[in-house]
Amino acid sequence: MTKRALVSGATGQDGSFLMELLLKKGYDVYGLVRRLSTPNLNNITDIADQVHLLDGDLMDQSSLDAAVELAKPDEVYNLAAQSFVGTSFVQPVLTGEITGLGVVLLLEAVRHHAPEARFYQASSSEMFGKVDREPQDETTPMHPRSPYGVAKVYAYWACINYREAYRMFISNGILFNHEAPLRRGMEFVTRKVAVGVARIAAGKATTISLGNLDAKRDWGYAGDYVDLMYRILQHPEPDDFVGATGEAHSVREFVEEAFRVAGIPAWEKHVTVDEKNIRPSEVYNLRGDASKARRLLGWQSQVRFKELVKLMVEAELARVGLGKSKA
């Protein structure tokens, strides 16, 4: 019997990769998308005719109920969120509603209309925030440093509460930063750098405006991480898993490598630091320990830092007519 999956955040970076993976595995895939006056389906152009797209919003209980009833999912992957940390400082209430409370609304829809479904929650390394140890694993205390991180912590514990209270199969994937060529939102620093470097190489710009160059992140490839999401829901018992490469690299390192890939010397001449890009409270060093996922799920990150930067920059160079995309 064909398995059915419901994916929220279907048109985002992770949603598009995950739906591609599920289609390859023979699933009947339903994607939850928020109604916009001009739909943005760029990330799923190649699979739009193979999936069922349902209108829904994490702040509208009736639409979530209807989507779960129609999809009748065996698995639910909640990837929807207001996911940009910088925006969460400007729109903290909206972030709390969508990224935090919205998860409870979806849990309620699943509890009432598909209680046997397995549920995956996209938790985040931003929940760790101001860390007191390195690397971070499933037992590391959480000290979020942004409204986004706070909302993700709320959702994380809501999922654990529903798992314990209602005996539902609910698992959290505490994933560290993961990126991909062309599919990442323009506001994220990795895409901003890749696009900026390509524009400079093409003579369309001279500088990139960034924030804290010393912040370190554990960057992986989105394609690897959706494989982890899938494995988490195939595990016999619901549980929580960290997904990470185990390496931390600074924004400065990402920038330096991006300019090197594009063959542009003296990157410092092209980068400015603007106060508007610096967060009110910063997370300085995130590096994950995914040994539990490796031990219990057989998962580990495949694409390493320099390869990731190369993929992203070469894709943007191809987009502006320079070189051939390796994405």
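Student: Which unit do β1, helix α1 and β2 make?

Tutor: This is a predicted model. Strand β1 covers residues 4-8, helix α1 residues 13-24, and strand β2 residues 28-33. Together, β1, α1 and β2 form a right-handed β-α-β unit.

Student: How many bridges join strand β1 to β2?

Tutor: The two strands run parallel. The number of bridges joining β1 to β2 is five.

Student: What span does helix α10 reach from its first C-alpha to its last?

Tutor: Helix α10 runs over residues 305-319, which is 15 residues. At 1.5 Å a residue, the expected value is 21 Å. The helix comes close to that, reaching 22 Å.

Student: Which helices are included in what covers the buried residues of α10?

Tutor: The buried residues of α10 include Phe 305, Leu 308 and Met 312. Glu 314 and Glu 316 are also among them. The cover includes strands β7, β10 and β12. It also includes the helices α6 and α8.

Student: Which residue with a positive phi follows α10?

Tutor: Helix α10 ends at residue 319. The residue in question has a phi near 90°. It is Gly 321.

Student: Where does Pro 135 lie?

Tutor: A cis peptide bond joins Glu 134 and Pro 135. Its omega is about -5°. Most peptide bonds are trans. Pro 135 lies in the loop between β5 and α5.

Student: Is Lys 72 buried or exposed?

Tutor: Lys 72 sits in the loop between α2 and β4. Its phi is positive, near 45°, though the residue is not glycine. Most residues other than glycine have a negative phi. With a relative accessible area of 55%, Lys 72 is exposed.

Student: What relative accessibility does Arg 167 have?

Tutor: Arg 167 is in the loop between α5 and β6. It is not a glycine, yet its phi is positive, about 55°. Exposed means over 50% relative accessible area. Arg 167 counts as exposed because its relative accessibility is 69%.

Note on methods: Residues are numbered from 1 along each chain as its sequence is written. This is a predicted model: local features need pLDDT of at least 70, side-chain atom pairs count only at pLDDT 80 or more; totals for chains, interfaces and linings use all residues. Side-chain values use heavy atoms; hydrogens and water are left out. Buried means under 20% relative accessible area, exposed over 50%, partly exposed in between (1.4 Å probe, protein chains only). Helices (H or I, at least four residues) and strands (E, at least two) are DSSP runs, numbered from the N terminus. Two strands pair if DSSP finds at least two bridges between them. A crossover is right-handed if, with the strands pointing away from the viewer, the path from the first strand over the helix to the second runs clockwise. The expected span of a helix is 1.5 Å times one less than its number of residues. Contact means heavy atoms within 4.5 Å.
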